[in-house]
Amino acid sequence: MAAWPPTFDARLVHAQMLTPSVRELTFERADGTPMAFAAGQFCNAILPLPHELDGAHIKRSYSIASPPGGTPRFEVAVTRVQGGRASEWLHELSVGAVLPFTGPHGFFTRPVASAAPSLMIATGTGVTPLRSMLLDAVAAGSQAPMWLVLGVRHEQDILYERELRDLAERHPFVRFEPTLSQPPGTWNGRRGWVQTHVRELWDALVATTEQPPHAYVCGLERMVSSVRDLLRTEMSLPRAQVHSERYD
Ligand SMILES: Cc1cc2nc3c(=O)[nH]c(=O)nc-3n(C[C@H](O)[C@H](O)[C@H](O)COP(=O)(O)OP(=O)(O)OC[C@H]3O[C@@H](n4cnc5c(N)ncnc54)[C@H](O)[C@@H]3O)c2cc1C
C-alpha cells in the first residue's frame with residue numbers, strides 16, 4: 001500500500017524575493033510527476049534540521065501559491081521570520097537543492113466551478129492560497145465575483161501586486177483591495193487592518209448577486225480569529241460560508 005501522506009522529493013529550480021521579507025521558491029518534483037492538488041492546499045517541507053525534542057527532522061507547512069496546472073512545478077512564498085529556523089533556512093536555500101515534502105494537505109479550498117461570490121481576506125503570505133484559487137478560477141473561465149483584500153504594513157510588502165492589479169483590470173469580476181497598516185501620506189488606497197474593511201466589502205458583494213457569498217480567510221491566528229468573530233458572531237454568517245486557514 002502507498003505511504004500516507006504521500007512523500008515526494010522536489011528540487012528548487014528558481015528563487016526570487018517578492019518583497020523585502022518574502023522569498024518565492026519554485027520547486028519541481030524530482031520524479032517529474034505532475035503536482036495533483038486543489039487550489040488552497042499546502043505541502044509540508046521536511047527540513048534537514050533536528051527537532052529540539054526528539055532530533056527528528058522538523059516539518060513546516062507552506063501553502064501552494066501557484067494554481068494547479070498539470071506540471072511537476074509548484075511555487076511557495078516564505079516570510080522570513082526573525083529567528084525562525086525553517087524560514088531563515090529556506091531563505092538561504094540554493095537553487096538545485098532537493099527537499100522531501102508530504103502533501104498535498106488541507107481542506108481550505110474553493111470549488112473552481114463555484115458561481116458563488118467570494119470575499120478573500122489575507123495578511124502577508126496568507127495571500128498565497130487565495131492567489132492559487134483566483135488564478136485557477138480565472139483559467140477555468142469562472143466569472144464569479146472574487147474580491148481580495150490583502151493587508152500588509154508597507155506598500156513594498158504587497159505580494160504579487162502587479163499580477164493582482166492586472167487581473168482586476170482585465171476581469172471586472174475580480175477586485176483587488178490592498179490595505180496598508182503603515183501607509184505613506186501619498187497612498188490613495190485602503191488604510192488600516194483588513195478587519196476594518198470586511199463588513200463594507202461584504203455588504204457591497206452581497207448587493208452584486210443573489211447567491212450568498214463565501215469568505216476565505218488566511219493568515220496569522222490573530223487576524224483570522226478576529227475576522228471569523230466578525231463574520232460568524234457579529235454578522236451571524238453560517239459556518240458553511242466561512243472558510244479559514246491559520247499559519248500559527
Ligand atoms: C497550513 C499552513 C500553511 C502555511 N503556509 C505558509 C506560507 O505559505 N508561507 C509562510 O511564510 N508561512 C506559512 N506557514 C507558516 C510556516 O509553516 C512556518 O510556521 C513559518 O515559516 C515559521 O517557521 P520557522 O521555523 O521559521 O519559525 P518558528 O520558530 O516556528 O516561529 C513560528 C512563529 O512565526 C510566526 N509566523 C509563522 N508564519 C508566519 C508568516 N507567514 N508570517 C509572519 N510570521 C509568521 C508565528 O508567530 C509563529 O508563532 C503555514 C502554516 C500552516 C499551518
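**Burial, sheet and core**

Colleague: Is serine 87 buried or exposed, and what is the relative accessible area?

Modeller: This is a predicted model. Buried means under 20% relative accessible area. Serine 87 falls under that cut-off, so serine 87 counts as buried, with a relative accessible area of 5%.

Colleague: Where is serine 87 placed?

Modeller: Serine 87 touches Tyr62, Val78, Thr79, Arg80 and Val81, leaving aside residues up to four places away in sequence. The element that holds serine 87 spans residues 85-92 and is helix H1.

Colleague: Which strands stand at the edges of the open sheet of six strands?

Modeller: The order is E10-E9-E8-E7-E11-E12, with parallel pairing. An edge strand has a single partner strand, so one side is left without a neighbour in the sheet. That applies to E10 (190-191) and E12 (242-246).

Colleague: What is the bridge partner of valine 217 in E12?

Modeller: Strand E11 (residues 214-219) and E12 run parallel, joined by five bridges. For valine 217, the partner in E12 is serine 244.

Colleague: Which element gives the most to the largest nonpolar core?

Modeller: That core has 30 residues; Met120, Val127, Leu130, Leu134 and Leu148 touch the most other members. E7, H2 (127-139), E8, H3 (161-170), E9 and E11 each supply at least two residues. With seven residues, the top contributor is H2.

Technical notes: Residues numbered from 1 in each chain as written. Predicted model: local features only at pLDDT ≥ 70, side-chain atom pairs only at ≥ 80, totals over all residues. Heavy atoms only, no water. Helix = DSSP H or I, 4+ residues; strand = E, 2+ residues; numbered from the N terminus. Buried < 20%, exposed > 50% of the residue type's maximum accessible area, 1.4 Å probe, protein only. Contact = heavy atoms within 4.5 Å. Pairing = 2+ DSSP bridges. Core = buried A, V, L, I, M, F, W, Y, C linked by side-chain atoms within 4.5 Å.
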